[in-house]
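Please look over the structure below. The report that follows takes up two residues and then the chain as a whole.

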Amino acid sequence: MALVLARLRLAIQIGGARASALGIATFALGWALGILAGLCGGALVAALDSGVEAFGDLLVLLLFVALFVGWVVLPITTPLPIANIIDPTVLEQYPLSRTQQVSGLLLGGLFSPMAAATFLTAIGGVAQIHVDLPSRLAAVAAGLLFTVMCVATSYAVRALFAEALSARRGRDVAVILSSLVVVSIYVLPHVFAPILGAAEDAGAIFLTVLTWTPPGAAAAVGYVLDTGDLPGALARFGVVIVTIALALVLWGVALRRHVKGHTARAVASPRRRSARVLSLVPPVLRPFSAGAALGAASQQLRYYFFRAPRAAQFLIVGPAVGVMFAAAQVHTTGLPFAVAIGTVAMGSGVLLNLFAWDGRGVELTVQTGASLASVLRGKMLAVSLFLVPAAAALTIGLGIASGTADQVPTALISALAALALSFAVGAVSSSRNPYDQETPQGDRSTLAVRALGASGAAIGLVLLAGWLSSLAQAFLPVQAVLVAALVVAVVAAVVSTRLSGRYLDRHPDRLLAAFTPR
């Protein structure tokens with residue numbers, strides 16, 4: 001049954017790719033890039049392992065740790081459906097044991113471009129020079145176990161995260177933890193950078209500690225065995241195997257609790273708070289006139305702050321990513337350009353698919369006959385109510401932190417212009433590439449490519465605007481150039497919203513089909 005399940009997963013993936021020319025191109029390109037990245041990573045590992053300096057071994061350990069962290073973080077923080085996977089809620093309808101489900105999905109997960117890239121990188125030690133045959137065989141075994149560990153841990157984290165989101169308290173904890181993970185990705189390299197340049201003894205201690213972490217143990221097996229320490233190599237093999245077993249157990253527990261209904265929501269206390277009037281329109285929207293736009297805006301705000309756990313997660317992760325992008329640029333490009341890039345990164349998660357959280361509710365929206373153009377405008381209004389203050393806070397905070405507070409007024413104009421361009425791209429993307437974030441229909445890899453293309457278009461427009469502004473500054477003051485850029489961006493956002501709204505009103509069937517199970 002595990003083999004049948006793995007074949008089913010691959011059949012779904014290949015079948016979805018065949019649905020369109022873009023799907024076929026995406027499927028082929030994904031595998032080509034995965035294999036190419038794996039070969040490059042393996043060559044890098046072989047070159048570093050072939051050296052005689054301990055610094056090369058440390059870089060290999062850090063590379064394995066980075067790969068493992070990527071596998072763990074991806075299911076938590078990614079805003080896009082990245083693959084065609086079999087939904088456990090569908091599998092639970094069949095008489096399959098947890099062992100069959102876990103082993104089948106794990107085996108199917110090993111046949112993916114990302115897993116291929118990981119495996120080819122991990123077995124790079126096979127190509128190193130001046131090692132014997134047992135060390136090369138150990139490198140193959142360690143690479144295979146490392147790949148299995150990455151896939152199993154990623155799937156286990158995804159299952160546990162979905163389980164946590166089933167309850168309000170679990171949702172809050174999961175949102176906070178995912179945000180901390182994103183922030184730590186930016187902070188930890190800055191913390192460990194001084195260690196790499198510290199004294200030789202401190203570096204040796206750091207290297208030894210890394211070799212006993214699960215990814216570091218897989219990376220260290222080869223050179224530990226090469227030094228003649230067979231017990232140490234076997235112990236590190238044990239660390240990897242225990243990690244795989246623990247991930248599979250946690251994955252199975254999450255699936256079993258989901259099937260039996262043992263979620264935090266199902267066993268929650270029956271106590272209820274005292275009844276009170278709940279207004280459907282948040283106070284911040286009450287000055288606006290009643291209509292489809294106001295209803296859509298109210299609904300969208302409740303997705304982010306009350307109803308949709310993943311929406312709330314993106315609401316927190318987006319600003320964290322925006323801060324990371326802006327902070328990495330501010331000292332090299334200046335505050336105005338840095339906050340422009342940070343603002344685009346901040347808004348990408350919510351602007352590129354404004355219908356993401358409507359789910360089957362899209363059917364009711366279309367059946368009411370309400371203007372979808374008004375619905376789109378309402379959703380954009382709701383998003384602007386927290387993106388505009390977030391962009392202002394990013395600009396002011398980063399200006400103070402970087403010692404460039406005198407550039408804050410100019411940078412505010414730049415951030416608002418970039419946000420307006422993001423709205424222009426988001427309107428087009430939301431109307432042309434809508435999908436249900438929770439349960440996407442159709443080929444997920446194609447949806448992801450189009451969404452990534454829209455995100456790239458937003459960043460490209462900001463880069464183009466920045467380049468044109470730098471040319472115009474030779475003839476005009478920078479403030480005048482940025483004000484002109486803001487006016488052009490606002491006009492582009494208005495025109496894009498109107499055209500996208502007309503497209504939705506003319507083709508409501510396409511929006512409906514994107515959210516209807518097939």
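Leu-461 sits in helix 18, which covers residues 444-472. This placement, like everything below, comes from a predicted model.

Leu-461 has a relative accessibility of 35%. It therefore counts as partly exposed, because that class lies between under 20% for buried and over 50% for exposed.

Ala-424 lies in helix 17, residues 408-432. Is Ala-424 buried or exposed? Its relative accessibility is 10%, so Ala-424 counts as buried. The cut-off for buried is under 20%.

Which residues does Ala-424 touch, leaving out those up to four places away in sequence? They are Ala-492, Ala-493 and Ser-496. Ala-489 is 65 residues from Ala-424 in sequence. In space, the two C-alpha atoms are 7.9 Å apart.

## The whole chain

The protein chain has 20 helices and zero strands. It holds 518 residues, and 45% of them are buried.

Contacts can be sorted by sequence separation. Of those with a separation of 6 or more, 79% join residues 24 or more positions apart. The contact between Ala-424 and Ala-492 is one of those Ala-424 makes beyond four places in sequence.

The chain exposes about 25,200 Å². Carbon and sulfur atoms supply 71% of that area.

Notes
Residues are numbered from 1 along each chain as its sequence is written. This is a predicted model: local features need pLDDT of at least 70, side-chain atom pairs count only at pLDDT 80 or more; totals for chains, interfaces and linings use all residues. Side-chain values use heavy atoms; hydrogens and water are left out. Helices (H or I, at least four residues) and strands (E, at least two) are DSSP runs, numbered from the N terminus. Buried means under 20% relative accessible area, exposed over 50%, partly exposed in between (1.4 Å probe, protein chains only). Contact means heavy atoms within 4.5 Å. Accessible areas come from the Shrake-Rupley method with a 1.4 Å probe; for residues, only the protein chains shown count as cover.
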